[in-house]
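Please keep the sequence and the structure in view while reading.

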Amino acid sequence: MPLFKTGSILNNGRIGIVSSQYTHGDRTWWQAARFGMFIHWGIYSIPARGEWMQTYEKLTAEQYAGYADHFDPDRFEPEKWAKLAKAAGMKYVVLTAKHHDGFCMFDSAFTDFKAKRDYVREIFEAFRAEGIRTGVYYSLLDWHHDQFTVDHNHPLRDLDWAELNKTRNQHLYCEYMRNQVTELLTKYGQIDIIWFDFTYARPGGKYPEEWEAEELLKLVRKLNPSILINGRLGLEGAGDFMTPEQYIPADGIRDQAGELLPWEGCQTFSGSWGYHRDETTWKTPHQLIAMLISHVARGGNLLLNVGPDARGRFDRRAVSALEVLARWMDEHSDAIYNCTIAPSEFPEPDNCMYTWNPATKKLYLHLLSYPVKFAFLPGLFGKVKFARFLNDHSEVKMLPPPEKHGNMTPQVSPDTLTLQLPAIAPDVTIPVIELSL
């Protein structure tokens, strides 16, 4: 059973079928991995008000560029980042080489607006040493480049656009982008993902033509035919996966025929992508693990973001969250890797989610809320050989449907499998029961 329909694809905000005009990368490893780390890091970590602060506060390129003089991460140890990611079960990393502010975290020959060290190289070397695949985030926007035309996202949006854009040539900016993408895909070893961000095709925004997206796509495929490209270039049928941001699709991402499509949810530990000193809406351990389960249970990947501070450290709260994930994944990764949405013949019980490994025929029951004594699994009676908790492989007793309702026996449908649970839940954040079909 394939995880995804052959030929299905996704794009910027729309769903469709792969067009024969586009070739695609190899999703095999990515579909199995299910879990990756997103890293948003740049000079926006100094004001510590999030990665969009330049445009929110309407700073000119000159005003904002002053932060670059103070970017000196004296506690930068990428080996620690990589070890935390590996322990948490993350199989790939996507790093911001250039965000919307235009500041480059790599040694580009085409700009002076860049870090004093080649952070992309150092971070990729550290993550590859831990066996983690590497992906590069590259913003299509650039609020620093003097040829990038002003639009409704630009810090100068309150000024006279037409007058400002008389001296700006978007084509020259697109050449700059292609030059930098060439650097990233030829000088930094094997890059497995390129994550473009983002097309906003509406009046006052930018359409794919303004990115010269077709030419950019052809360049990427020429330089690295197997690379995965996200669906934010805005080209119908061109991307390899869709990127729902800060939400979880209720039934996965599907085409018009209802077939599951490849998708990757990008999420944050808190409410911000870049380091935000005063942001407080950090997710609880239960929320984080439930979020990972929910992505896989709906056929998707989770790309979970960390925003290092200006000294080059992960926020203590992010470290604590990663350690929680590490403890849970150490015992439950079988319910994540190589798994996807369960067959429709197995409806999920209340307060539970299923993940399904089609190769091993294992169905994993995630108990988001621990039941009292019994768990009732519709459609599964007579289909399960053995049930056990995943954390310690201890047996979970299976009961047949009772002949009739009694004081000590529940009334269930004839096709319902009843699991008898211990009174005390396993000492894990979310217990998982493995069902061998």
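## Nonpolar cores

The largest nonpolar core has 95 residues, and Met-37, Phe-127 and Phe-196 touch the most other members. Helix H10, residues 285-297, gives the most to this core, with eight residues. Apart from it lies another core, of 20 residues, among them Cys-352, Leu-363, Phe-389 and Leu-419. A nonpolar core is a set of buried Ala, Val, Leu, Ile, Met, Phe, Trp, Tyr and Cys residues joined through side-chain atoms within 4.5 Å. Buried means under 20% relative accessible area, exposed over 50%, and partly exposed in between, with a 1.4 Å probe and protein chains only.

Which residues is Phe-196 in contact with, leaving aside its neighbours within four places in sequence? They are Tyr-138, Leu-140, Val-181, Leu-216, Val-220, Ile-229, Asn-230, Arg-232 and Leu-233; contact means heavy atoms within 4.5 Å.

## Basis of the model

This is a predicted model, in which local features need pLDDT of at least 70 and side-chain atom pairs count only at pLDDT 80 or more, while totals for chains, interfaces and linings use all residues. Residues are numbered from 1 along each chain as its sequence is written, and side-chain values use heavy atoms, with hydrogens and water left out.

## Cavities

Three cavities of 30 Å³ or more are found in a search of the whole structure. Here a cavity is a set of points, on a 1 Å grid over the protein atoms alone, where a 1.4 Å probe fits but cannot get out; lining residues have an atom within 4 Å of a point. A volume is the space filled by probe spheres set on the points.

The largest cavity holds about 130 Å³ of space. Of its 14 lining residues, Ser-270, Ser-272, Gly-274, Trp-282 and Gly-307 are the closest to its centre. By class, the lining has six nonpolar, six polar and two charged residues; Gly counts as polar, Pro as nonpolar, and Asp, Glu, Lys and Arg as charged.

## Overall form

The protein has eleven helices and 16 strands, which are DSSP runs of H or I (at least four residues) and of E (at least two), numbered from the N terminus. Its radius of gyration is 24 Å, close to the 22 Å that the globule rule gives for 437 residues, so the protein is as compact as a globular protein of that length. The radius is taken over C-alpha atoms, and the rule is 2.2 Å times the number of residues to the power 0.38. Of the 437 residues, 58% count as buried.

Methods:
1 Å grid on protein atoms, 1.4 Å probe; cavity = no way out; pocket = protein on both sides within 12 Å on 5 of 7 lines; lining within 4 Å.
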